[in-house]
Amino acid sequence: MFTGTHLPKIPRAMPRINDKILHFSAFFGLAMLLCYCTNSRRLLKRFGIIAAVCLTYGMLDEWTQSFVRGRSTDIYDFAADATGTLLAISLYATVRVIWGRRSPSFRTAAEAS
């Protein structure tokens with residue numbers, strides 16, 4: 001991601017895609033991978049750390065783009081980064097809760113109490 005966001009210009013041979021969609025997609029993917037690769041029963045702390053890591057990286061990424069010729073810092077790019085991050089975490093958490101309720105171990109624990 002870092003290399004792609006710090007190239008001076010997008011080559012003309014590449015298809016033109018709104019860069020906000022690219023930012024959203026990249027950070028959605030990053031947050032989803034971090035959710036999938038981490039494991040902790042303390043979900044609020046886990047997802048909070050993932051959000052903090054992604055948003056910090058997004059801020060640093062936008063700031064360092066100002067040092068590249070032809071690039072600039074854009075608050076709307078960061079907004080797309082944040083939206084992708086938060087949507088991925090929300091979606092992952094929702095699916096995890098729904099999936100957890102369907103698993104046999106969840107039902108067994110619920111029936112025992």
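Student: Hi! What is the relative accessible area of Asp74?
Tutor: Asp74 comes out at 21%, which makes it partly exposed (buried is under 20% relative accessible area, exposed is over 50%, and partly exposed is in between, with a 1.4 Å probe and protein chains only). Keep in mind that this is a predicted model, where local features need pLDDT of at least 70 and side-chain atom pairs count only at pLDDT 80 or more, while totals for chains, interfaces and linings use all residues. Residues are numbered from 1 along each chain as its sequence is written, and side-chain values use heavy atoms, leaving out hydrogens and water.

Student: How many salt bridges does the structure hold?
Tutor: There are 3. Asp77 forms one with Lys20, with the closest N and O atoms 2.8 Å apart. That pair links distant parts of the chain, as Asp77 is in helix α4 and Lys20 in helix α2, 57 residues apart. Asp19 also bridges to Lys20, at 3.1 Å between the closest N and O atoms. Together, Asp19, Lys20, Asp74 and Asp77 make up a network of salt bridges.

Student: And Asp77, buried or exposed?
Tutor: Asp77 is buried, at 3% relative accessible area. Lys20 is partly exposed at 25%, and Asp19 is partly exposed at 31%.

Student: Switching topic: how many aromatic pairs are there?
Tutor: The structure holds 4 (rings of Phe, Tyr and Trp, the last by its six-membered ring, pair if their centres lie within 6.5 Å; planes under 30 degrees apart are stacked, over 60 edge-to-face, the rest tilted). One of them is Phe24 with Phe28, stacked at 6.0 Å centre to centre and 25 degrees between the planes.

Student: Why are those two about one helical turn apart?
Tutor: Because Phe24 and Phe28 are 4 residues apart in helix α2 (residues 19-37). Phe24 is partly exposed at 27%, and Phe28 is partly exposed at 22%.

Student: What about Trp63 and Phe67?
Tutor: Their ring centres are 5.1 Å apart with planes at 80 degrees, so that pair is edge-to-face. Both Trp63 and Phe67 are exposed.

Student: Last one: how many helices and strands in the chain?
Tutor: The protein chain has 5 helices and 0 strands.

Terms used
Salt bridge = Lys/Arg side-chain N within 4 Å of Asp/Glu carboxyl O.
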